[in-house]
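Colleague: I would like to learn how to read a model of this kind, one feature at a time. Could we go through it slowly together?

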Amino acid sequence: MSPEISRRDFLKLASVGAATTAALTGCGPASRYVTREPYVKMPEYNYNGLSTYYATTCRECSAGCGLVIRTFQGRALKVEGNRDHPVNMGKTCPRGQITLQGLYNPDRVTDPLHRKQRGSNDGEKMDWDAAVQVVTDALTHNQPNEVAFLLGMTPDHLFDMVSDMTKAMGAPAPIRYGAPAMFESRATLVQAAQTVFGQAALPSFDIGGADLVVSFGANFLEPWLSQVSQTRGYRNLRQGTPNHRGLFVQFESRMSQTASKADEWIPNKPGTEAVLALAMGRIIAEARGLPLPPAFATADVNQAASQADINADDLKRLATILGNAQRPLVIPGGQALAQSNGLQTAQAILSLNAFLGNLGKAGGVYLSPIAPLEDAYHRPASAKEMADFVGTLKKGAVKVLFVHGVNPLFELPKSLSFADALKNVPQVISFATFPDETALEADYVFPDHHGLESWGYQKVATGSNASVLSGAQPVVSPFHNTKATVDLLLAASQAAGGQIASALPFKDELEYIQSKLSTMLSNANGFFTAPEINSFTAYFQQHGGWWSTGDDRLAPTAADALNANIGASVSQFDGDGEFFLLPFVSPTLAEGGANKPWLQELGDPTTTVMWNTWIEMNPQKADEMGIQDNDIVTIVSPFGALEAPVYRYPAIRPDTIAIPFGQGHTAYGQFAAKRGVNPVDLLPQKYNEAGDLAYAGVKVHVQKTGRARKLSKMEGVLGVYGFDAKQ
Amino acid sequence: MAATAKSLPQPRARVAEHEDPRVHLMHDPRPRGEMNDMVLESMHTATWRYWIATGTLTFLVLTCFVFAWYYLIANGLGVAGVNRPVYWGIFLVNTVFWIGISHAGTFISAILRVMKIEGRRPFTRAAELMTTFGLVQAGASIFMHMGRVWLAYWLFPFPNERGLWPDFHSPLMWDFLAINTYLLCSTMYLFLPLIPDLAMVRDRAKGWQKIPYRILALGFRGTEGEWKNLHTAMNIFAFAIIPVMFSVHTIVSWDFAMATRPGWSSTVFGPYFVIGALHSGMAAVAIVLFLIRSTMKNMKYFLRPEHFNLIGMLMLLVSMAWAYFYFNDYLVPWYGGDKWEKILQEFTEKGPIWWLWYVMLICNVAIPWLILWRKKWRSTPWLLAIVGVFINIGMWIERYVIIPEALTINRMPFTWRIYIPHVEIFLTIGTVSLFLLLYMLASRVIPLIPVWEVQEGQESHTLRRVGKAELSTLTNIE
Amino acid sequence: MAENITLLALFEDIEPAVRGIDRLRELGVSDQDLNVISGVPIPGRVLGRPGAITNVAKIAIAGAIFGLFFGLALIYGTPYLYPLLVGGQPIYPIPMGWIVMFEMTMLGLMGFAFLGLFVDSGFPAYTPMNYVPEISDGRIALLFPCSDDERGKFSDALKSAGAESVEPAEARHL
Amino acid sequence: MANDLQLPVFTNTSEQEVSGKWGMVIDQDLCTGCQACVAACSMENNVPFVGEEDANYGRSMHWIRIERFWSGTFPEVKMTPYQPMLCQQCHNAPCEPVCPVFASVHSASEDTNLQVYNRCVGTRYCANNCPYQVRVFNWRDYTDARARPWLTSLQNQLSPDVTVRRRGVMEKCTFCIQRIHQAEQVAASENRSIADGDVTPACAQACPADAIVFGRIDDPNSRVSQAALNARGYHQLDELRTTPRITYLHGASNGSNG
C-alpha cells in the first residue's frame with residue numbers, strides 16, 4: 001500500500017469486510033513497514049495473548065490453496081485452511097500444514113551470498129545494495145538475449161513481473177518449470193484438449209459430480225494438479241449425493257494411494273491405457289448399438305485385454321458399467337500420460353468422455369476457468385522445452401542465468417545433464433530461500449523471503465469452479481536478512497534505467513501487485529468490489545484473494561473428437577530390462593518437502609516408510625529373485641543407475657517396480673541432504689508428441705547388492721506381514 | 001487246626017552304616033566355643049581368591065551398575081531397548097526375577113521354622129540375607145525402569161505441596177506398598193536372630209572392630225527376658241511374614257494380571273508367580289550354599305550334603321508345582337481359543353525368538369526332573385548348584401517370555417514390534433554383580449551361620465537306641 | 001551392716017546350673033533376685049524357674065491395629081482430600097482396599113514386634129553391665145545379690161553345686 | 001467438600017455412551033490416508049519428530065497414526081480401508097486406574113481422558129494397558145534444543161497453548177483440549193452454551209476429505225451425533241467395553257477385482 005494511507009485507516013477498510021469472516025484481520029505485518037521490535041512496542045494490530053490470523057496463499061505447490069495463518073506475538077504458529085477459499089475450502093494437505101517448518105527451517109539462506117567457487121558451501125555475505133548492483137550489472141552489461149530467467153511454478157506475480165521486464169528489455173521470456181508439471185504431464189493434457197476440444201486449456205474433471213469415475217493412472221488424491229480440491233471431489237463422489245455412493249475404478253500398474261481408495265484396481269501393463277480406453281469405447285458403442293465412431297474403430301477388445309495383461313471379461317464388465325453410468329467420468333493422468341504414446345492416451349480418454357457425453361455436464365469434463373489477469377492458460381515448460389533450453393545453455397548463448405523457485409539440478413532428468421549446461425553459463429544468480437543444489441552451483445544467492453513472509457498472488461490453474469486469483473501477504477516479518485526478489489529486480493531495473501525503468505515505474509513489490517490488481521477494479525463478478533485500489537487491496541489481502549462468484553469453467557466442445565482416428569498403440573519402452581520403472585511423486589514429500597523434518601516423518605500412505613527412498617517390488621517376484629525386505633538393490637536403466645532398499649509391496653505388478661520422487665538431495669539442508677535416492681537419475685530422454693517426458697517409458701534391470709539397510713516404517717511388519725517378515 | 005508254616009521272604013541284606021541317623025541334625029556336636037571359633041575363622045580368613053573375586057565384582061558394579069545407570073538417567077530411556085509396544089523391558093524382568101529370588105530366603109527360614117524342620121538351622125541366615133539383597137536389586141531395577149526416576153518419591157504417600165496422594169487404584173501402588181513392607185520386615189527378620197551372634201562376635205572382637213558389633217549387638221547379654229522377647233518376636237515374624245511373602249509376589253503378578261492384555265489377564269497368575277518365585281529362589285539358595293560351603297573355611301561342618309538333599313527335594317517339589325501352574329496358564333487360553341491369546345501363543349512358539357520358549361521348559365522342568373529325583377545326585381552340592389543355575393536361567397527367560405514377548409502382541413497389530421535390549425544387558429550384569437558383592441562383604445562382616453541356633457538344635461537332639469538301631473529323637477525344649 | 005554386692009557364678013552346663021539355682025533358693029535368694037544369663041535360650045521350666053513374661057506380643061497387636069487404621073486412612077482417607085475419577089472406577093473402592101489394609105496391618109504388626117523387643121528388653125543398652133564373655137561360649141551365669149559377709153557361704157554352696165567360679169560381678173562395657 | 005460414597009455398582013455402558021460430552025466420527029470410506037491429520041496434529045500440539053532410527057523402532061511421537069493392512073496376494077490383493085488411530089477417550093479408560101500418581105485421570109467436566117505431563121513419572125503402565133496403543137512416550141529429550149541445535153529456530157513455532165513435553169513423560173491425543181477450552185471461554189463470555197461446530201480439532205480441521213467429524217455427542221442433533229447413527233458405525237475393540245468416544249464408519253475394503 002502507499003505510505004499516505006496509514007495502517008490504522010487501512011484497518012478501518014479491512015474491518016468493513018471483517019464481518020463476513022470474523023477470524024481474518026487485514027493485511028499482515030507488511031515486511032517493509034514493520035521491523036522486529038521488543039514486544040513492549042507492540043504493533044497496534046496485535047494484542048497480547050491473542051492470536052491474529054492472516055489469510056495468504058500456500059506456496060508448497062502451485063495449486064494455490066488459501067491458508068489462514070495463526071500468528072501470536074509476531075510468530076506464525078499454525079496453518080489452517082481458508083474456509084472461504086474456493087480451491088481448498090478450509091482444508092489443507094500435509095505439505096501445507098508443515099510449511100511452517102520451511103519458514104523456521106534452520107538451513108535457510110540468511111543473507112545474500114557471493115560464492116567464490118561454485119559448489120562450495122562457503123560464500124561471503126554481501127549487503128543488499130551490492131546485490132542490487134550485481135543484478136543491475138547483470139541486466140545491463142549483457143545483451144538482452146544473453147539474459148535468461150528460469151522460474152518455478154510459484155509465485156505468479158514474480159513471473160508476471162519478470163515477463164514484463166524481459167519484454168521491456170527485449171530478452172527472451174522467462175522459462176517456467178517444476179517437477180510437478182513434469183509428473184502431471186500438463187503439456188500433454190493441454191495438447192490433448194487442443195486436439196480434441198480445439199481449446200488449449202487445462203481440462204478440469206468434476207470428480208465430485210460424477211457417479212462413476214474411471215481413472216487411468218491419475219493420482220488425483222496425491223500431489224497431482226490440485227490435491228485438496230480433488231480430494232474434496234472424491235468425498236462428494238462417495239457421499240455428495242444422498243444414498244448413492246459413486247464408484248471409482250483405477251487402472252494403474254501399482255496400487256497408488258489413489259488406487260487404494262478405488263473400488264476396483266486394475267493392474268494393467270504400463271503403456272496400454274490408450275488401447276484400453278478405446279476398447280472400452282468400442283464395447284460401449286456396440287452395447288448401445290451406435291455406429292462405431294472412427295476413434296474406436298481400430299480398437300480390438302480381446303487384443304487390448306491381452307496387451308494390458310488383464311482379464312477381458314473384467315474389461316467388458318467395467319465398460320458396461322461405464323456405459324450404464326448416469327454421470328460417468330474418465331480421467332487420464334499419472335503414468336498413463338508418461339509414455340511415448342501419452343498424447344494418444346490423453347486424446348483417447350478425452351474422446352471417450354466426449355463419447356459418453358459428459359462434456360460440460362455435472363460430473364463430466366470441463367476446461368479449467370481462466371484465472372484473472374490471464375488471457376488463456378499458460379502452462380509451464382514441458383520437459384522437451386526444458387531440453388531445448390538446456391541446449392541453449394550448453395551452447396553458451398546465455399551469459400547470465402537467474403533461477404528462482406525451481407531446482408533444476410534436482411528436478412530435471414540427469415540425462416539432460418543440466419550440471420554441464422551450468423558450466424557454460426558465466427554467471428548464475430539464484431534467489432533460492434533454501435540452499436538447494438542449484439543455489440549451491442550459483443555464483444550469487446540473493447535469498448527471497450519465505451512464502452509466508454512475502455507478498456504475491458497466485459493464478460489458480462485448476463481446482464475450482466470459479467476463476468481465482470489467490471492473494472499472498474506476509475504473515476510475519478522476515479526472520480532473516482532476505483529480500484523480496486521482485487523488490488530486488490525492481491530496484492535493479494530502476495538502477496538500470498532506460499527501457500526497463502520506464503516499463504516498471506514501481507517503488508516496490510506491493511505497488512507492482514496493485515498495478516496488476518487495479519485492472520480488476522472494474523470486474524463485477526468478484527465476491528467483493530471496491531471503489532479504489534487501496535480498499536480493493538485490503539479486501540484482497542483480508543480474504544486471501546479475489547474470486548468470481550459464478551462458475552467460470554468452460555464447457556468444451558467436442559466438434560470432431562470422435563471422428564479423428566487416434567492411432568493408439570502400446571507404447572514403446574527404452575532399455576531391455578525385465579522391469580517397467582514407475583517413478584511417482586512421493587505423496588507426502590512431493591518435490592520440495594524433503595527439508596522439512598515432520599514431512600520426512602510422515603509415513604507414506606501405502607508403505608508407511610519414513611525418512612528414506614524405497615523401491616516397491618512384488619513379493620512373489622522378490623521371492624523368485626531371493627530379495628528380502630530392506631535388501632539394497634541396484635536399478636540400472638540405460639540412462640543411469642541407483643541403489644535403494646526394497647519394500648516388498650503386495651499390490652504392484654510383478655513386472656513393475658516403483659520408486660518415489662522427492663528424496664535423494666545432495667544439498668537442501670540437513671534433513672534432506674544425503675537421504676535416499678532420486679529416480680530422475682534413471683529417466684530417459686524420451687518425449688511424447690506433446691513434449692512431455694515419458695518418465696514411465698523405460699525398462700530397467702534389478703541386481704542384488706547383498707547389502708541391506710533398514711527402512712524406517714510406521715507399521716510394525718510383524719502385525720502387517722506376519723511373524724516371518726523382516727523388521 | 002494245623003497251621004502250615006510258610007517261609008517269609010527274607011529282606012535283602014543291607015550294609016549297616018547306610019542306616020545312620022539323619023546326619024543333618026549334626027549328631028557330632030562340638031563345644032559352643034569351638035563352633036564360635038570356627039565361624040569367626042571363616043569370617044577372618046580372606047584368601048587372594050576372595051580379594052580377586054571382590055575386586056572383579058566391585059569393578060563390574062561400578063561399570064555395569066553405577067555408570068550404566070548414570071548413562072541411562074543422563075540420556076533417557078532412549079538408550080534402552082524399550083519401544084512401542086514393548087513399553088516394559090528387561091528392567092521389569094529383573095524386578096520380577098529378583099523378587100522371586102528374595103522369596104526363598106523367607107520361605108526357607110520362616111516356613112521351615114514354623115514347621116520346626118530342624119534341618120533348616122545352619123542355613124537360615126544365608127537364605128534370609130538373600131531376601132534382603134535380592135529385594136535391593138528388585139527395587140533398583142524398578143527405579144531404572146522409570147522415565148523420571150528423580151520423581152520416584154512421588155509414589156510415597158506423604159502430604160505434599162501438590163496436595164496429591166498416590167492412586168491406590170493402581171496395582172503399582174499395591175506393589176509399592178507390598179514390596180516396601182516385605183523389604184522392611186524381612187530386614188528386621190534377618191536382624192533378630194543375628195543379635196545373639198553379634199553379641200558373640202562382640203565378645204571376641206578386638207580393638208576398633210569391637211565398636212560396630214557393640215553398637216549392633218544392642219547390649220544383648222542373654223538374660224531369660226531377652227531370650228523370651230527374642231523368641232516371641234521371631235515367632236511373630238515367622239508366622240506373619242509368610243502371608244506377606246505370598247502377597248508380595250501375588251501382587252507383582254497382578255501388575256500383569258490386572259492389565260487388559262492377551263497373555264496377562266489371567267486368574268492363575270497369582271499362585272503361578274508365587275511358585276515361580278520359589279522355583280528360582282530355591283535354586284538360588286542351592287547356588288549360594290554351594291558357594292559358601294566350597295569357598296569358606298570350616299563350612300563343611302555346618303553345611304552338609306544332607307542339607308543339600310533337603311533343598312534338592314524342595315526344588316523338585318517346586319519344579320513340579322511350577323509345571324502344573326504353567327500348564328494351567330497355558331491350557332486355559334489355548335482351549336478358550338481367544339484370537340489374541342492364540343496369536344500370542346503362536347508367537348512365543350513359532351515367532352522370531354521361538355527358541356526361548358523351549359529353553360525355558362528345558363531349564364525349568366526337564367533338567368530338574370531328570371536330576372533331582374535321585375538322592376545321591378541331590379546330595380551332590382556342585383550338581384545341585386548347576387541345576388540351580390539352569391533353573392534360574394529358565395526362570396529369567398520365563399519372565400522374559402511373560403513381559404517383553406507378550407508385550408509384542410497386543411490388539412493393534414499395526415504396532416507389533418520386536419524388542420531388542422541395549423543398556424539393559426549391562427544393568428542386568430550390574431544387579432547380579434551387586435547381589436554377589438553384597439554376599440561377599442556380608443560373609444566377612446556377620447556370621448553366616450547362626451551359631452546359637454545350631455547349638456540349640458544340637459542340644460534338643462539325642463540319639464536313642466531302639467533295639468539295635470540308634471535313632472534320633474527330638475526333645476522339644478523350646 | 002555390710003554393703004550388698006552382686007555375685008556372678010559361672011556353670012559349665014545346665015545340670016549344675018539347675019543344682020546351683022536350687023541351692024540359692026534354699027539360701028533364701030528369691031526368683032526375682034536371681035538372674036540367669038546363657039548363650040543359648042534355656043526355657044524356664046528347664047531351670048525350674050517361673051517363665052519370663054514378655055509384652056512383645058501385646059505391643060505387636062497394638063501395632064497391627066494401628067497399621068490397619070493407617071491402611072484405612074490411605075485407601076479411603078486420601079481420596080477424600082483430592083477426589084479424582086479414573087477409568088469409571090469408584091473413588092472409594094472396596095476390593096483393592098483389602099490389599100492396602102492387609103499390607104499396612106502386617107507392616108504394623110511386625111514393625112511393632114521389632115520395636116517391642118527393644119522396649120521390653122531395654123535395647124539398646126550401652127551402659128556397663130554385669131557380664132562375662134564366656135557366656136557366649138556356652139557357659140551359664142547366675143547373677144544374684146548378697147551381702148558381703150555372706151559371700152563365702154554362697155560361693156561354697158555353688159562350688160559344691162559344680163560352679164566353675166563364683167566372683168563378684170563387676171559391671172563392664174560389653 | 002462433600003462426596004457421595006461411590007460404592008461399586010454394575011454400570012450400564014449404554015448409559016455412559018450417551019452421557020459422554022465430546023465425540024468424534026471417522027469415516028474410513030472417505031479417509032484417503034493423506035496424512036494431513038497427522039501433520040496438523042503435530043503442528044498444533046508441539047509434537048516433536050524423532051528421526052529415522054527411533055521412528056523405525058516404534059518411537060515416533062504421532063498422536064494419530066493411519067493404519068492399513070493387506071489381504072490376499074497379487075492380483076487379488078486388497079488393502080483394508082485406512083484407519084486413523086488416535087486416543088479413543090474411553091469412558092472406562094484402562095489407562096487411567098493403573099497410574100500410581102494420577103497422571104492419567106478422567107476429566108469430570110469434559111469426559112475426556114487427561115494426561116497430566118508434570119505428574120507423570122514414566123512407569124509406562126498406562127501405555128501397556130491401552131488396548132489401542134495410542135499413547136506415546138518421550139524416550140529421549142526430543143524437544144531439548146541444547147541437545148538438538150536444529151530445533152532452536154524450529155521451536156519458534158511452538159504453540160503457547162500446549163505444554164512442551166520433556167523426556168520421560170507419556171503423552172497422547174487430547175481432543176485438542178486447548179481449543180475446547182478456548183471455545184468454552186468464548187461461549188461463556190457471550191453467555192451461551194457451546195454451539196455445534198465451535199470446536200474443531202486440528203485433525204478434523206485439516207482433513208481434506210472431511211472424514212473426521214467432531215462435536216458434542218450429548219446433543220442428539222449435532223453433526224457428530226447424526227453421523228454416529230450411521231449403519232456403518234462401530235467402535236474399536238468394543239468387546240472390551242471401554243466405551244470409546246470415537247465411532248468409526250466402515251469403509252469398503254478396496255483393491256483389485258472387486
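Colleague: Where is D:Asn46 found?

Modeller: D:Asn46 sits in the loop between helix 2 and helix 3 (52–56) of chain D, where helices (H or I, at least four residues) and strands (E, at least two) are DSSP runs, numbered from the N terminus. Please keep in mind that this is a predicted model, in which local features need pLDDT of at least 70, side-chain atom pairs count only at pLDDT 80 or more, and totals for chains, interfaces and linings use all residues. Residues are numbered from 1 along each chain as its sequence is written, chains are lettered from A and ligands numbered from 1 in the order in which they are written, and side-chain values use heavy atoms, with hydrogens and water left out.

Colleague: What is the phi of D:Asn46, and is the residue buried or exposed?

Modeller: D:Asn46 has a positive phi of about 55°, although it is not a glycine. Its relative accessibility is 6%, so D:Asn46 counts as buried; buried means under 20% relative accessible area, exposed over 50%, and partly exposed in between, with a 1.4 Å probe and protein chains only. A:Leu373, which is also not a glycine, has a positive phi near 65°. That residue lies in the loop between strand 13 (365–367) and helix 14 (383–395) of chain A, and at 29% relative accessibility A:Leu373 counts as partly exposed.

Colleague: How many salt bridges does the structure hold over all chains?

Modeller: A salt bridge is a side-chain nitrogen of Lys or Arg within 4 Å of a carboxyl oxygen of Asp or Glu, and the structure holds 73 of them over all chains. One of them joins D:Asp29 and A:Arg245, whose closest N and O atoms are 2.7 Å apart. This pair crosses between chains, from the loop between strand 1 (22–27) and helix 2 (36–44) of chain D to the loop between helix 8 (227–239) and strand 10 (247–251) of chain A. D:Asp29 is buried at 4% relative accessibility, whereas A:Arg245 is partly exposed at 29%.

Colleague: Which residue forms a salt bridge with D:Glu44?

Modeller: The partner of D:Glu44 is D:Arg179, with the closest N and O atoms 2.8 Å apart. The pair links distant parts of the chain, 135 residues apart, with D:Glu44 in helix 2 and D:Arg179 in helix 6 (residues 177–189) of chain D. D:Glu44 is buried at 4% relative accessibility, and D:Arg179 is buried at 12%.

Colleague: Which pair of chains has the most contacts?

Modeller: Contact means heavy atoms within 4.5 Å, and among the five pairs of chains that touch, chains A and D have the most contacts. Chain A and chain C do not touch, and their nearest C-alpha atoms are 28 Å apart.

Colleague: What is the area buried between chain D and chain B?

Modeller: Buried area is the accessible area (1.4 Å probe) that two parts lose on being put together, summed over both. Between chain D and chain B it is about 4000 Å², of which carbon and sulfur atoms give 56%, and across this interface the rule finds zero salt bridges.
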